[in-house]
Amino acid sequence: MYDRISSNIREGILVGCGNPLLDISAVVPLDFLQKYSMNEDDAILAEDRHMPIYGELVQGYQAEFLAGGSVQNSLRIAQWILRQPRVAVFFGCVGEDRYASILKEKAQAAGLDVHYQVKTDVPTGTCAVLITGTHRSLCANLAAANNFTIDHLEEPSNKALVDNAQYYYISGFFLTVNPPSIMQVAATAHAKQRPFLMNLSAPFISQFYMAPLLAALPYVDIIFGNEAEAQAFAEAQQWPSGDLREIGKRLVAMEKKNPTRPRIAILTQGCDPVLLIQQDSVQEFPVTKLAAHEIVDTNGAGDAFVGGFLSQFVQGKSLDVCIRCGNYAAGHIIKNPGCTYSGEPEFVE
């Protein structure tokens, strides 16, 4: 179904576009969430009333700084598992400040080939990661990340990187930033008959950005999402939202530019089995349940799943191997604070 490559992976085979954010992560009490009108496991964009949250975390809690942003996280995890630098290229927008320097340093140390667009008049984006028990809530202030423009992808050196890739991954979060860039990458993937992968990312994407999501979806070969994101999509489409399998079947049946390569939906359900939904089948992949004491932080588990999946997919491995590696990566990340890893990867096919 997809072009297969040798296990000797070349540089730049995978391109991702997303929102580079500096995560400010801290354990907080529930009333901290309530103070900012947030719920456990929320993923929201900051409004004016949320702006004090970042300074309050730094000043009042034991905050930790981590290089973040959904796509950048996924690509970092893929690089960790591949153990070969510069396989993944990342595009996003940052400010010209200390946070941008930290982000770039951390991303490059993880093996990423980052090509940030730099805006001098806005700060680098930040994301409050609020940990309550085993739950995490995200409040992102996109700042510079929100200022990405398509002309950055049209610069000759960057266009060459996009043209050179064999695989493309973009988050639904990027729909809030620059849909024309998504459509350009999608069109490139379609023209070159190369896989284009996307993520539903958060319920609010389906609730408020359905038009650009529906414009991109015909190009999407593989769509990722968790149960809440899939249900939000179904509700926005006025589908029955109770049955995740049925939602997945409807997702893969939606219009597709290249019908010879049917869409695949991969839906995660926390500790319940991952669903692989194809045109004529639904398969379940069990998730190894962790003991309560092993769970440090669920932040980044979804990003890690995609990163593990991508690490195998770009090697031409079968979908079941890709999903098992996704589950391995998510399970590893949950045992660490934030979207961080420790030691050498131990995934075995």
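Which elements each supply at least two residues of the lining of the second largest pocket? They are β3 (43-45) and α8 (203-208). Strands and helices here are DSSP runs numbered from the N terminus: E for at least two residues, H or I for at least four.

A word on sources. This is a predicted model, where local features need pLDDT of at least 70 and side-chain atom pairs 80 or more, while totals for chains, interfaces and linings use all residues. Residues are numbered from 1 along each chain as its sequence is written, and side-chain values use heavy atoms, without hydrogens and water.

Back to the pocket. β3 gives the most to its lining, with three residues. Among the lining residues are Asp 42, Arg 49, His 50 and Tyr 209.

Now the sheet. It is open, has nine strands and mixed pairing, and its order is β6-β5-β1-β9-β10-β11-β12-β13-β14. Two strands pair if DSSP finds at least two bridges between them. β6 (113-119) and β14 (281-285) are the edge strands, each pairing on one side only.

Look at β11 (residues 222-226) and β12 (residues 264-269). They run parallel, joined by five bridges. Gly 225 stands opposite Leu 267 in β12.

Last, a helix. α11 (residues 244-253) packs on the sheet and touches β11, β12, β13 (272-278) and β14. Contact means heavy atoms within 4.5 Å. The direction of α11 makes about 30° with that of β13. Such angles run from 0 to 180 degrees between N-to-C directions, with axes fitted to C-alpha atoms, for helices over the stretch in contact.

And the pocket term: on a 1 Å grid over the protein atoms alone, a pocket is an open set of points where a 1.4 Å probe fits, with protein on both sides within 12 Å along at least five of seven lines; lining residues have an atom within 4 Å of a point.
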